[in-house]
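These are my notebook entries on a single chain. I set down what I looked up, entry by entry.

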Amino acid sequence: MPSTTAVTTEQRAQIKEIVCDILEIEVDEVTDTSLFKEEHNADSLGAIEILSSLEREFGIEIDQVELTRMVNLDGVVAVVEKGLAAK
């Protein structure tokens, strides 16, 4: 079973800022479970931009299969944690 690397509070804030910047929404509009597509009108291009920004910011590789998990902030954080654990 792969180990997980917990994302720090600071890293979680960075992730949220990246997501909000790309989706062009205010930080206080996004909760841990608000759905990007349904509640914030995100499209698939936005998801890909988020993925590539996270890869650059954290120096990790994220498989595009993970896009299906990146539907809300909690999902994005889980994907980053998996990437950091694999690093």
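**Entry 1. Burial in helix α4.** The model I am reading is predicted. With that cut-off, I listed the buried residues of α4 as L73, G75, V76, V77, V79, V80, G83 and L84. I then looked up their surroundings and found that the buried residues of α4 pack against α1, α2 and α3.

I also checked the length of α4. The helix has 14 residues and reaches 20 Å from its first C-alpha to its last, close to the 20 Å expected at 1.5 Å a residue.

One further residue of helix α4 that I looked up was A85. The C-alpha atoms of A85 and A6 are separated by 8.5 Å, although the two residues are 79 apart along the chain.

**Entry 2. The start of α4.** Which residue has a side-chain oxygen that reaches the backbone nitrogen of D74? I found that N72 provides this oxygen at the start of α4, to within 3.3 Å. N72 itself is placed in the loop between α3 and α4. Is N72 buried or exposed? I counted N72 as buried, because its relative accessibility is 13% and the limit for burial is under 20%. Leaving out residues up to four places away in sequence, I recorded that N72 touches D32, T33, S34, L35 and F36.

**Entry 3. Other residues of the loop between α3 and α4.** I looked up E66, which is also placed in the loop between α3 and α4. E66 counts as buried because its relative accessibility is 9%. Not counting residues up to four places away in sequence, E66 touches V79 and K82. V79 is among the buried residues of α4 that I listed above.

D63 lies in the loop between α3 and α4 as well. I found that the side chain of D63 reaches the backbone nitrogen of V65 at 2.9 Å. I also took the separation of D63 and D28: the two are 35 residues apart in sequence and 29 Å apart in space, C-alpha to C-alpha.

**Entry 4. Helix α3.** I checked the span of helix α3, residues 44–58, against its length. At 1.5 Å a residue its 15 residues should span 21 Å, and the end C-alpha atoms are 21 Å apart, so the two agree. The buried residues of α3 are G46, A47, I50, L51, S53, L54 and F58. I noted that the elements covering them include α1 (9–23) and α4 (73–86). After α3 comes G59, whose phi is positive, near 65 degrees.

Entry 5. Most residues other than glycine have a negative phi. I recorded E24 as a residue other than glycine with a positive phi, near 55 degrees. E24 lies in the loop between α1 and α2, and I counted E24 as exposed because its relative accessibility is 71%. N41 lies in the loop between α2 and α3. N41 is exposed, since its relative accessible area is 69%.

**Entry 6. The largest pocket.** What is the volume of the largest pocket? I noted a volume of about 200 Å³. Its lining consists of F36, K37, E38, A42, D43, S44, G46, A47, I50, L67, M70 and V71. Sorted by class, the lining has seven nonpolar, two polar and three charged residues.

Which helix supplies the largest share of this lining? I found that α3 does, with four residues. Both α2 (36–40) and α3 supply at least two lining residues each. Comparing entries, I saw that G46, A47 and I50 of the lining also stand in my list of buried residues of α3. F36, another lining residue, is among the residues that N72 touches.

Conventions. Residues are numbered from 1 along each chain as its sequence is written. This is a predicted model: local features need pLDDT of at least 70, side-chain atom pairs count only at pLDDT 80 or more; totals for chains, interfaces and linings use all residues. Side-chain values use heavy atoms; hydrogens and water are left out. The expected span of a helix is 1.5 Å times one less than its number of residues. Buried means under 20% relative accessible area, exposed over 50%, partly exposed in between (1.4 Å probe, protein chains only). Contact means heavy atoms within 4.5 Å. On a 1 Å grid over the protein atoms alone, a cavity is a set of points where a 1.4 Å probe fits but cannot get out, and a pocket is an open set with protein on both sides within 12 Å along at least five of seven lines; lining residues have an atom within 4 Å of a point. Grid points are joined across faces, edges and corners, and a volume is the space filled by probe spheres set on the points. Ala, Val, Leu, Ile, Met, Phe, Trp, Tyr, Cys and Pro count as nonpolar, Asp, Glu, Lys and Arg as charged, and the others, Gly among them, as polar. A polar contact is a pair of N or O atoms within 3.5 Å; within protein, one must be able to donate a hydrogen and the other to accept it, and residues adjacent in sequence count only if both atoms are side-chain atoms.
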